[in-house]
Amino acid sequence: MVRTQLEHIRTVEDVVSLLRRSRHLIVITGAGISVSCGIPDFRSQNGIYRTVDCEALDIPSAELLFDIAYFRMDPIPFYKFSRTFYGMTPIQPSATHQFIANLERHKKLLRNYTQNIDGIERLAGIGKIIECHGNINEFRCIKCKRRGDAPIIIEKLLNYNEIPKCSCSSYMKPEITFFGESFPKSMKKCIDKDVLKCDAILVIGTSLKVGGSVMEILKQADENVPQILINKETVQVSPKLSDGFDVTLLGQCDEIVTYIETRLGWREDSPSAYQCNLVSERVFRVFPSNVETTISTDVPLTGVHSRKRKRKA
Ligand code: OAD
């Protein structure tokens, strides 16, 4: 069945009133929400997959950094690469992490399903969180599954370039779901339960390119549950699944959620400090009024479905 866009959710105003009344929001997040924390995303121009120096790391392609078969064969490229990440301290949550924590504080959050492995949600105080792709700050042996002592492993990696090994002499791996590994069973169980209860879905800072994890939420949710996208660029959901998000808010996610918080009355600053420009049907660019934006050159519209499709059984 192909989900069709909802007739009653098509403007920024509709999104604001939806968030005002929502009590069981599912928030799906991706790497875009940690970019302002200094962590690049994966697939943008400046993203990890485009900027990693494969020659220096001695790998044929950047995607292999997160490939389980490759890691088992040679974990050195992954650990060389991840030293930069472990060396980044202290990391502060972004305005978007804070926004999700505020949704929880205001009893609106059913669950935040994050694809991020940086663990910043916990720093922001988000309790209702599922880390769909695991966490880079916990370690386990790839053979005997014994847990590693994270602070010691990270310290040795940073100071002595030591690749972590278990007492059984196999390698330790951070508890990230690498390509080739299955997603946590707890995630699937939680999705099955949450889709029955959720009253709106907010998708923030993700290209939705990875199937099998958060995509299951969009696949399983009731077709009448509103789906809103907040992202720097439009995101194309498979046309087999839906004819697009009900509303897309384009721009820096931190700015967009700050604007939303002003509209919800959660901040003292005025909503008039922002502009919401219509880009195309159901797609708006949201930005601070004191920032100039050139819509015609800045916004890729190729992913927007504005065409109506008949619902198929
Ligand atoms: P991607 O890099 O694929 O997508 C990030 C999205 O965030 C892109 O659409 C960007 O345009 C958008 N974006 C970047 N900065 C933004 C900002 N400041 N405000 C709003 N939007 C912004 O990252 P993910 O979709 O998270 O897997 O990638 C999913 C998975 O693919 C990751 O979890 C990772 C990777 O392989 C593992 O680590 C196992």
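Which side chain has a polar atom 2.8 Å from an oxygen atom of the ligand? Select His133: a polar side-chain atom there lies at that 2.8 Å distance. The protein covers 98% of the 800 Å² of accessible area that the ligand has on its own (Shrake-Rupley method, 1.4 Å probe).

Before moving on, some ground rules. This is a predicted model, where local features need pLDDT of at least 70 and side-chain atom pairs count only at pLDDT 80 or more, while totals for chains, interfaces and linings use all residues. Residues are numbered from 1 along each chain as its sequence is written, and side-chain values use heavy atoms, with hydrogens and water left out.

**Stop 1: the ligand**

Stay on the ligand. A backbone N or O atom of Ala31 lies 2.8 Å from a ligand oxygen. For Gln115, a backbone N or O atom is 3.0 Å from a ligand oxygen. Polar contacts are pairs of N or O atoms within 3.5 Å; within protein, one must be able to donate a hydrogen and the other to accept it, and residues adjacent in sequence count only if both atoms are side-chain atoms.

**Stop 2: strand 1**

Select residues 25-29, strand 1 (strands are DSSP E runs of at least two residues, numbered from the N terminus). Five of its five residues are buried (under 20% relative accessible area, 1.4 Å probe, protein chains only). Leu25, Val27 and Thr29 point one way; Ile26 and Ile28 point the other. In a regular strand, side chains alternate between the two faces of the sheet.

Next, show the neighbours. Strand 2 (residues 109-114) runs parallel to strand 1, joined by five bridges. Strand 6 (residues 200-204) also pairs with strand 1 in the parallel sense, over five bridges (pairing needs at least two DSSP bridges). Centre on Ile28. Tyr113 stands opposite in strand 2, and Val203 is the bridge partner in strand 6.

**Stop 3**

Go to Ser242, in the loop between strand 7 (227-231) and strand 8 (247-250). Ser242 counts as buried because its relative accessibility is 3%. Its side chain reaches the backbone nitrogen of Gly244 at 3.0 Å.

Then check phi. Most residues other than glycine have a negative value. Ser169 has a positive phi, near 75°. Find Ser169 between helix 8 (150-160) and strand 5 (172-176). Arg282 has a positive phi of about 70°. Arg282 lies in the loop between strand 9 (274-280) and strand 10 (283-288).

Conventions. Buried means under 20% relative accessible area, exposed over 50%, partly exposed in between (1.4 Å probe, protein chains only). Helices (H or I, at least four residues) and strands (E, at least two) are DSSP runs, numbered from the N terminus.
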